[in-house]
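Hi,

Here is the structure I promised to pass on. Have a look at it first, and then read my notes below.

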Amino acid sequence: MNVFAETERLLLREIDYVDEAALFELDSDPEVHRYVGNKPVQSIEQIQLVIGFIRQQYLDNGIGRWAVVEKKTTDLIGWAGLKLFKDQVNNHVDFYELGYRFMKKHWGKGFATEAAKASIDYGFNTLNAKELFA
């Protein structure tokens with residue numbers, strides 16, 4: 001499994017089907033979706049479709065959201081990373097969006113900031129995508 005970034009406490013790696021139970025726990029929580037603007041998933045099949053979509057982004061764009069794994073426990077605690085938008089969104093085309101989502105029990109620990117910084121570093125230093133950040 002590809003690890004794209006590593007921080008003091010986290011590994012950021014590809015999302016895969018072995019992550020479906022943890023991703024279901026994450027995305028079925030209404031509190032996690034409170035400000036996202038979409039509804040929590042209702043089934044593991046929905047998560048499998050999401051994983052397939054993300055894995056296709058890796059193939060098509062060379063980038064997609066990553067599983068965030070806490071080194072100390074080896075648990076998947078959320079996802080973070082860059083997503084390439086090729087279609088127009090808010091008057092922008094061909095740009096990377098930084099996103100993240102964490103299980104509620106891991107909120108307030110600085111994991112989102114840590115993962116976001118690693119994702120941005122990857123975008124600038126590995127993808128050399130300076131002109132594509134909107």
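Let's start with phenylalanine 95, which is buried, with a relative accessible area of 10%. Buried here means under 20% relative accessible area, exposed means over 50%, and partly exposed is in between (1.4 Å probe, protein chains only). Before going on, note that this is a predicted model: local features need pLDDT of at least 70, side-chain atom pairs count only at pLDDT 80 or more, and totals for chains, interfaces and linings use all residues. Residues are numbered from 1 along each chain as its sequence is written, and side-chain values use heavy atoms, with hydrogens and water left out.

Now the aromatic rings. A search of the whole structure turns up six aromatic pairs. Rings of Phe, Tyr and Trp (its six-membered ring) pair if their centres lie within 6.5 Å; planes under 30 degrees apart count as stacked, over 60 as edge-to-face and the rest as tilted.

One of the pairs is phenylalanine 4 with tyrosine 58, which is tilted, at 6.4 Å centre to centre and 40° between the planes. This pair links distant parts of the chain, 54 residues apart: phenylalanine 4 sits in strand β1 (residues 3-6) and tyrosine 58 in helix α2 (residues 44-61). (Helices, H or I with at least four residues, and strands, E with at least two, are DSSP runs numbered from the N terminus.) Phenylalanine 4 is partly exposed at 23% relative accessible area, while tyrosine 58 is buried at 12%.

Phenylalanine 95 pairs with phenylalanine 85, and these two rings are stacked: 5.2 Å centre to centre, with 10° between the planes. That pair also links distant parts of the chain, with phenylalanine 85 in strand β4 (residues 76-85) and phenylalanine 95 in strand β5, ten residues apart. Phenylalanine 85 counts as buried because its relative accessibility is 18%.

There is a cluster too: ring pairs link Phe4, Tyr58, Trp66 and Tyr122.

Finally, aspartate 27. You'll find this residue in helix α1 (residues 20-27), and at 6% relative accessible area aspartate 27 is buried. What does aspartate 27 touch, not counting residues up to four places away in sequence? Its contacts (heavy atoms within 4.5 Å) are His33, Pro40, Val41, Ile47, Trp79 and Arg101.

Cheers
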